[in-house]
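Some notes on the side-chain pairings and packing follow, as numbered points. Please read them alongside the structure.

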Amino acid sequence: MRRVYFDNNATTPVLPEVFEAMRPYYSEHFGNASSIHHHGQETRAAVERAREAVASLLGCRSSEIVFTSGGTEADNLAIFGLARPGDHVISSTIEHHAVLNSSKQLEANGCEVTRVPVDGRGLVDPDDIRRALRSETKLISIMMANNETGVLQPVDEIGKIAAEADIYFHTDAVQAAGKVPIDVKHIACDLLSISGHKMHAPQGIGALYVRKGTLLQPMLYGGSHERSRRAGTENVAGIVALGKAAEMAKTALDRGDLARMAAMRDRLQGEITSQITATGVNGYGAPRVPNTTNIYFDYIEGEALVIALDLKGLAVSTGAACSSGAIEPSHVLTAMGLKPDRARASLRFSLGKQNSEDDVDFALSRIPATVAHLRELSPVYNKAAVST
Ligand SMILES: Cc1ncc(COP(=O)(O)O)c(C=O)c1O
């Protein structure tokens, strides 16, 4: 059966060029990057080349890049590396759990956290951040692109507010890296997280940009790897892969390749919302990364639609989380003001570099009939249809 994968915000396939770049570091180039002999020198050089490629994608110096095991660790290192009991931290209601649950743990550790709201399009208002500032505020952590809606936050403005107030600014750019240009100087952030597997490198590798002079308390103690900011023998193959993926992402961004992806995404959402009644785009009207669209299909359980589409070969996802047997509506969509039913009826479609116009055609040939079928079975839909 043909399968189309539109869940690239969950994870992306490793690109063939990236896989080829990393492969020798599992076999012929196996040295420990801390060893002083030939084998170690070889892998050390590869790690440093990758660091330069990542730095070039983000517009910083290579010494400001710390490799981590992924986005979650980068977020944790930024947050726990800075905030101490008694500090005040500003974040938002729509952060990924890597930041949201870290900030909850900060509260348990004796910090105070203000979570600013978002408007109906999923946007933080920088004035809310300005108003939340206190003399004890140590850190602002606001994501660059939301993983469920793709909405891009006004990080440039937030960076200015943080700089004026002399407060650290961290941004989780896991869903932005490789999709929009990033320049840490322009954003004026002190810390920025990225993750390999969201940009066609493998799972289990990521990086944190740490502006020169930012003193972070490490989370892992051991050797003096990563300039004593993150102990542990480097994941050389993963780092090489992240470097290659960063280099390819930069080339694609510089060439304007992402416009093609935005056009495919726009066609997908345009056709869905015009062909199917009672649908709409969550986050419409806000600036978004080019690969993501989040669409509600009223009168349908999102989980049921994900399963029905999967049976027809199309992989998409809901933002809903199944906890204690009940499906909780997405915290991101409810923060945007969606009623729980509409939030549960929402699906995320996220494209990747491997996707083509054919894939969009495939999706469009499956979605309308599947939605119609599920609605036929829906007592709520039938009741609504009768009453209108
Ligand atoms: C916005 C965001 N931040 C952080 C993470 C966590 O990254 P990782 O899976 O590399 O730990 C994700 C992953 O879904 C994400 O989307």
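1. Lys244 is partly exposed in this predicted model, because its relative accessibility of 25% falls between the 20% and 50% cut-offs. Its salt-bridge partner is Glu247, at 3.3 Å from N to O. Glu247 is likewise partly exposed, at 42%.

2. Beyond its neighbours within four places in sequence, Ile367 contacts Ile272, Ile276, Phe297, Leu309, Leu314 and Phe349.

3. Helix α2 (residues 38–58) packs on α9 at about 35°, with the axes 8 Å apart, and the crossing is left-handed. Residues in the contact include Ala46, Ala50 and Val54 of α2, and Ile239, Gly243 and Ala246 of α9. By class, the contact residues are 13 nonpolar, 3 polar and 1 charged.

4. The whole structure holds 25 salt bridges. One of them joins Glu112 and Arg134 at 3.4 Å, N to O. Glu112 sits in strand β4 and Arg134 in the loop between α5 and β5, 22 residues apart. Relative accessible area is 46% for Glu112 and 34% for Arg134.

5. Asp266 and Arg265 form a salt bridge, with 2.8 Å between the closest N and O atoms. Asp266 is partly exposed at 37%, whereas Arg265 is buried at 7%.

6. A network of salt bridges links Arg44, Glu48, Arg51, Glu226 and Glu234.

Definitions and conventions. Residues are numbered from 1 along each chain as its sequence is written. This is a predicted model: local features need pLDDT of at least 70, side-chain atom pairs count only at pLDDT 80 or more; totals for chains, interfaces and linings use all residues. Side-chain values use heavy atoms; hydrogens and water are left out. Contact means heavy atoms within 4.5 Å. Axes are lines fitted to C-alpha atoms, for helices over the stretch in contact, and angles run from 0 to 180 degrees between N-to-C directions. Helices (H or I, at least four residues) and strands (E, at least two) are DSSP runs, numbered from the N terminus. A crossing is left-handed if the near helix is turned anticlockwise from the far one by less than a right angle, and right-handed if clockwise. Ala, Val, Leu, Ile, Met, Phe, Trp, Tyr, Cys and Pro count as nonpolar, Asp, Glu, Lys and Arg as charged, and the others, Gly among them, as polar. A salt bridge is a side-chain nitrogen of Lys or Arg within 4 Å of a carboxyl oxygen of Asp or Glu. Buried means under 20% relative accessible area, exposed over 50%, partly exposed in between (1.4 Å probe, protein chains only).
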